[in-house]
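Thank you for passing this model along for comment. My notes follow as numbered points, to be read beside the structure.

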Amino acid sequence: GAKAKPLSDIFSGIKLEYKLTDMVEYTDVNSLERTYGITADDVDEVAGGVNNSGVDMEEIVLVKAKNADTAKTVAEKLTNRLNSKLAETKSYNPEQDAIVEKSSVDTDNLYVSLIISKDLDGIKKLYKEGIGVK
């Protein structure tokens with residue numbers, strides 16, 4: 001397949017296309033450790049961000065794991081995060097809940113992603129194209 005682009009480039013493209021402006025960006029793995037428990041031992045590359053408005057649940061985490069084992073670990077940690085977001089939106093934010101409900105943690109070889117967005121399908125498409133996965 002096509003050679004994968006750096007995740008930071010893929011995320012830049014997503015931000016442009018979908019005008020994501022209120023994002024606190026994940027520039028390195030330390031920013032993932034606080035929220036997700038993902039550590040530098042788990043990953044080679046990270047990109048993404050979380051909406052900081054407090055209202056919009058938009059959250060994009062793109063990770064390239066070091067190996068198949070750490071890809072599993074990362075997927076588990078992202079799934080925990082998704083589940084806690086679901087629990088959170090269920091109780092007080094039906095509109096955002098519908099968006100979170102559609103989300104999933106996807107593993108493509110060493111790439112693991114969590115994409116929560118009203119533009120889920122389009123963002124996922126750009127991401128998959130970027131990592132060279134159909």
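1. Is Ser117 buried or exposed? In this model, which is predicted, Ser117 is buried, because its relative accessible area is 4%, and under 20% counts as buried. Ser117 belongs to the loop that runs between strand 5 and helix 5. Leaving aside residues up to four places away in sequence, Ser117 touches Glu58, Ile99 and Ile123. Asp56 is 61 residues from Ser117 in sequence, while the distance in space between their C-alpha atoms is 8.8 Å.

2. The pairing of helix 1 with helix 5 deserves a look next. The axes of helix 1 (residues 7–18) and helix 5 (residues 120–131) come within 10 Å of each other and cross at roughly 150°. Since angles over 145 degrees count as roughly antiparallel, helix 1 and helix 5 are therefore described as roughly antiparallel to each other. The crossing of these two helices is right-handed. On the side of helix 1 the contact involves Leu7, Ile10, Gly13, Ile14, Glu17 and Tyr18, and these meet Gly122, Ile123, Leu126, Tyr127, Gly130 and Ile131 in helix 5. Sorted by class, the residues of this contact are eight nonpolar, three polar and one charged.

3. Helix 3 passes helix 4 in a crossing that is left-handed, whereas the crossing of helix 1 and helix 5 is right-handed. From helix 3, Leu82, Lys85, Leu86, Thr89, Lys90 and Tyr92 take part, and they meet Pro94, Gln96, Asp97, Val100 and Glu101 in helix 4. By class, this contact of helix 3 with helix 4 comprises five nonpolar, two polar and four charged residues.

4. Apart from residues up to four places away in sequence, Lys85 touches Val50, Met57, Glu59, Val100 and Ile116. Val100 is also one of the helix 4 residues in the contact between helix 3 and helix 4.

5. In soluble globular proteins, nonpolar side chains tend to be buried together. The largest nonpolar core here has 23 residues, of which Leu32, Ile38, Val61 and Leu78 touch the most other members. At least two residues of this core come from each of helix 2 (29–36), strand 2 (43–51), strand 3 (59–65), helix 3 (68–92), helix 4 (94–102) and strand 5 (111–116). Helix 3 gives the most, with six residues.

6. What does Ile38 touch, not counting residues up to four places away in sequence? Its contacts are Val29, Leu32, Glu33, Val43, Val74, Lys77 and Leu78. Of these, Leu32 and Leu78 are, like Ile38, listed with the core members that touch the most others.

7. Most residues other than glycine have a negative phi. Lys19, however, has a positive phi near 50°, and Asn109 has a positive phi near 55°. Lys19 is in the loop between helix 1 and strand 1 (23–25), and Asn109 is in the loop between strand 4 (105–108) and strand 5. Lys19 is exposed, because its relative accessible area is 65%, and Asn109 is likewise exposed, at 66%.

8. Ser53, in the loop between strand 2 and strand 3, counts as partly exposed because its relative accessibility is 38%. The C-alpha atoms of Ser53 and Val24 are separated by 9.6 Å, although the two residues are 29 apart along the chain. Ala68, in helix 3, is also partly exposed, at 48% relative accessibility. Ala68 and Val29 are 39 residues apart in sequence, and their C-alpha atoms are 18 Å apart in space.

How values were computed:
Residues are numbered from 1 along each chain as its sequence is written. This is a predicted model: local features need pLDDT of at least 70, side-chain atom pairs count only at pLDDT 80 or more; totals for chains, interfaces and linings use all residues. Side-chain values use heavy atoms; hydrogens and water are left out. Axes are lines fitted to C-alpha atoms, for helices over the stretch in contact, and angles run from 0 to 180 degrees between N-to-C directions. Angles under 35 degrees count as roughly parallel, over 145 as roughly antiparallel, 65 to 115 as roughly perpendicular and the rest as oblique. A crossing is left-handed if the near helix is turned anticlockwise from the far one by less than a right angle, and right-handed if clockwise. Contact means heavy atoms within 4.5 Å. Ala, Val, Leu, Ile, Met, Phe, Trp, Tyr, Cys and Pro count as nonpolar, Asp, Glu, Lys and Arg as charged, and the others, Gly among them, as polar. A nonpolar core is a set of buried Ala, Val, Leu, Ile, Met, Phe, Trp, Tyr and Cys residues joined through side-chain atoms within 4.5 Å. Buried means under 20% relative accessible area, exposed over 50%, partly exposed in between (1.4 Å probe, protein chains only).
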